[in-house]
Amino acid sequence: MAKIEIKNVSVNYFLRKRGDLNKLTERGAVGAEILIGNRFLEVAALKDVSVAIRDGDRVGLVGINGSGKSTLLKLCAGALGHQSGRVIIEGKVSPQFKLGAGLQNKLSGRQNAELKCLYMGVPQGSLKRLVDDVKEISGLGGYFELPLHSYSAGMRSRLVMSLLRLVRGEILIMDEWINAVDPSLHATVGGLQAQLIERAKILLLASHSRRVLEEWVDRLIWLDNGRIRADGPIREVYAEYQAWLDVRGHSTEGSPD
Ligand SMILES: Nc1ncnc2c1ncn2[C@@H]1O[C@H](COP(=O)(O)OP(=O)(O)OP(=O)(O)O)[C@@H](O)[C@H]1O
């Protein structure tokens, strides 16, 4: 059984004071509250947040830029300290914040995929088969054996997307939905993501795209200025969020997923 329990958690980021402090309290259309302390600036990214996520839950996060979505995801992945409250995570977490992070330019596609396998804890017995799967999905052919610095941008993104094949874990945390730019990869990447989600016991996905959220989650948490404004069925919460955006003159159209 997997579960995540967050109780009365606050997360602040601390920054050195710099520049014109008077301008820091100006509210824009983004971000969390900036507090000016004696020695440091504090960004109150999450304020007294409580949330319980159970086995089988498919949860989306929405909110304007800087509202705290990634911070909450990192907290749920056990990758972030917190100043107060309690975090309980049960189950193997697979955080997919940046699928292409850590790729080495000097190494070939194959060597990079092998490294990723080690990082993901893939058993030795399945390593070769999985790396060969990555090669086939990528469609890179002989380029899979060449160093990454010889790849075009499109080839690199083919490798990055194919690495989805290696992802495993009971709690799947995604900070971005991977959209295949190349239409020939669209079906494969979509299929890999669907498989991952079906296998996961818990899905947590932040996205600005209503389409992506409606397809993959049934529960939605709306974050605003570090607080949970609503948590419930996706249609209801999204409608509430959209109405709030409309009043503020925000648009979600064209935002990255
Ligand atoms: N490493 C950091 N140091 C200082 N402040 C940070 C750091 N990471 C995030 N913040 C601040 O914390 C707040 C919440 O950021 P977070 O990345 O969680 O927002 P988000 O909802 O994921 O935003 P976006 O939709 O733009 O990705 C923001 O005000 C941001 O400026």
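Mentor: Two strands pair if DSSP finds at least two bridges between them. Strands (E, at least two residues) and helices (H or I, at least four) are DSSP runs, numbered from the N terminus.

Mentor: The model is predicted: local features need pLDDT of at least 70, side-chain atom pairs count only at pLDDT 80 or more, and totals for chains, interfaces and linings use all residues. Residues are numbered from 1 along each chain as its sequence is written, and side-chain values use heavy atoms, leaving out hydrogens and water.

Trainee: In what order do the strands of the sheet stand?

Mentor: The order is β2-β3-β1-β5, an open sheet of 4 strands with antiparallel pairing.

Trainee: Which strands stand at the edges?

Mentor: β2 (33–36) and β5 (84–90) do; each has a single partner strand, so one side of each lacks a neighbour in the sheet.

Trainee: How many bridges join β1 to β3?

Mentor: There are 11, between residues 3–16 of β1 and residues 40–54 of β3, which run antiparallel. Within β3, V51 is the residue opposite I6.

Trainee: What does helix α1 touch?

Mentor: Helix α1 (residues 69–76) packs on the sheet and touches β1, β3 and β5; contact means heavy atoms within 4.5 Å. Its direction makes about 125 degrees with that of β1, where axes are lines fitted to C-alpha atoms, for helices over the stretch in contact, and angles run from 0 to 180 degrees between N-to-C directions.

Trainee: Changing topic, where is R86 found?

Mentor: R86 lies in strand β5.

Trainee: Which residues does R86 touch, not counting those up to four places away in sequence?

Mentor: R86 touches E5, I6, K7 and V9. R86 and E5 are 81 residues apart in sequence, with their C-alpha atoms 7.8 Å apart.
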